[in-house]
Amino acid sequence: MSGEAWLMWDEGVTRYDFGPGHPMDPIRLELTMRLVEEFGLDRRLTVESAPAAGDSTLRLVHRPDYVAAVRAASADPMKADPAYGLGTEDTPAFEGMHEASSLIAGLSVAAADRVWSRPDTHAVNFSGGLHHAMPGAAAGFCVYNDAALAIARLLERGARRVAYLDLDVHHGDGVQAAFWEDPRVLTISLHQDPRSLFPGTGWAEENGEGNAAGTAVNLALPPGITDHDWLRALHGVVPELLASFGPEVLVTQHGADTHIEDPLAHLALTLDAQRSSMESCHAWAHEHADGRWLALGGGGYAVVDVVPRSWTHLTAIAGHAPIELTTPVPENWRGLVYARTMGAGPHRMTDGRTPSWRPWEEGYDPANPVDRAVMATRRAIYPAHGLLV
């Protein structure tokens, strides 16, 4: 487990900025990169920028008329067309929107190129993971779907099977939509119950179409669940499906909005469970995908206390330099937090929990709503893969 590791970064991603008061404050990206640097991870991974995605790349997923609409709104936000999801409360138009969005997409596409180049290669783009953007519309703070574009590039490069695992609290609807009829892509999304959270999709019965039936996997989890049940659900579905599908690349999305402190959602995870899931993704990439692992960011709106620590752990794990949970947060970084926000930053790289879960193999409890959700997904998906429910 000592192959190459890349961190895709460009300060220009902080210009992906919907304006004052919007939950997706770009300070979360700035603070993450500064924390990465404080831990010396910029010396453990190769830090690299990349060109913004051009029209031919964007059109691997997005319609030409939509790209033109984004360009027009980027040049003059007053021309944003709500029919394309632009200029809305969730996704306001801003000057330079096309340039910032295509830069994030370009970083994820370049990361896909790095990962495809050889086995045992990892790449991180924590500015990416903008999984709600549709082929013809912006949605949920997402303009271009860099995750789907990275997968499309892998397919263009010759990949025959790509697995995408979405750990954001919201359903990875845009990535699912992009590959709904493509049997080469397995999309797995763990998310809060669609009845209680945007975008209102991601039911177990949504499983792909035609030859791709069974390749869209959705695990909808009850609000309020904590580390133990979330990790039980993750391990109750994902490993068997990855083993059955046999991906050549594993792409993962690590939205930090599953955290108990996130203001926009209702799961109750700790940083420690998020880190545990990242370690599992790393292991699964080596076990099932020749070590090819592309890890993306995503949602996360506790922009000081949670997001920077979570994605710094992700970067460290991808760089084969994991940070011990008891490690203090560097004082220099806490000083930066105070200078930028007039608030205090967290003191340790942990929330003080020890993640554990009861393995699915130990039995199914029909009285437990999490177990019922896992069983609903297994019943909907496993037969298509020849697996026992």
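Which residues line the second largest cavity? The legends below take up this cavity and other sites in a predicted model.

**Figure 1. The second largest cavity and its lining.** The lining is made up of Tyr 16, Met 24, Asp 25, Pro 26, Arg 28, Leu 29, Ile 104, Ser 127 and Leu 130. Sorted by class, these residues give six nonpolar, one polar and two charged. A search of the whole structure for cavities of 30 Å³ or more returns three.

**Figure 2. The largest cavity, with a volume of about 60 Å³.** Leu 167, Trp 230, His 254, Gly 255, Thr 258, Gln 274, Ser 277, Met 278 and Ser 310 line the largest cavity. Helix H8, which covers residues 271-288, provides the largest share of this lining, with three residues. The lining holds six polar and three nonpolar residues and no charged ones.

**Figure 3. The largest pocket, with strand E6 and helix H11 in its lining.** The volume of the largest pocket is about 200 Å³. There are 13 residues in its lining, and the closest to the centre of the pocket are Asp 193, Trp 203, Ala 220, Ala 373 and Ala 376. Two elements each give two or more residues to the lining: strand E6 (216-221) and helix H11 (369-381). The largest share, four residues, comes from E6. In terms of class, the lining of the largest pocket has eight nonpolar, two polar and three charged residues.

**Figure 4. The second largest pocket, with a volume of about 170 Å³.** Gly 140, Phe 141, His 170, Phe 198 and Tyr 301 are the closest to the centre of this pocket among the 17 residues that line it. Its lining divides into eight nonpolar, seven polar and two charged residues.

**Figure 5. The salt bridge between Asp 113 and Arg 153.** The closest N and O atoms of the two residues are 2.9 Å apart. This pair links distant parts of the chain, 40 residues apart: Asp 113 belongs to helix H4 (residues 97-117) and Arg 153 to helix H5 (residues 146-156). Are the two partners buried or exposed? Asp 113 counts as buried because its relative accessible area is 17%, under the 20% limit. Arg 153, at 16% relative accessibility, is buried as well. Through salt bridges that share partners, Asp 113, Arg 153, Glu 156 and Arg 157 are joined into one network.

**Figure 6. The salt bridge between Arg 71 and Asp 55.** The side chains of Arg 71 and Asp 55 come together with an N to O distance of 2.8 Å. Arg 71 is partly exposed, at 38% relative accessible area. Asp 55 is also partly exposed, with a value of 24%.

**Figure 7. The salt bridge between Asp 65 and Arg 63.** The N to O distance between these side chains is 3.0 Å. Asp 65 has a relative accessible area of 31% and is partly exposed. Arg 63, with 39% relative accessibility, is partly exposed too. Across the structure, the number of salt bridges is 21.

Notes
Residues numbered from 1 in each chain as written. Predicted model: local features only at pLDDT ≥ 70, side-chain atom pairs only at ≥ 80, totals over all residues. Heavy atoms only, no water. Salt bridge = Lys/Arg side-chain N within 4 Å of Asp/Glu carboxyl O. Buried < 20%, exposed > 50% of the residue type's maximum accessible area, 1.4 Å probe, protein only. 1 Å grid on protein atoms, 1.4 Å probe; cavity = no way out; pocket = protein on both sides within 12 Å on 5 of 7 lines; lining within 4 Å. Points joined across faces, edges and corners; volume = space filled by probe spheres on them. Nonpolar A, V, L, I, M, F, W, Y, C, P; charged D, E, K, R; others polar.
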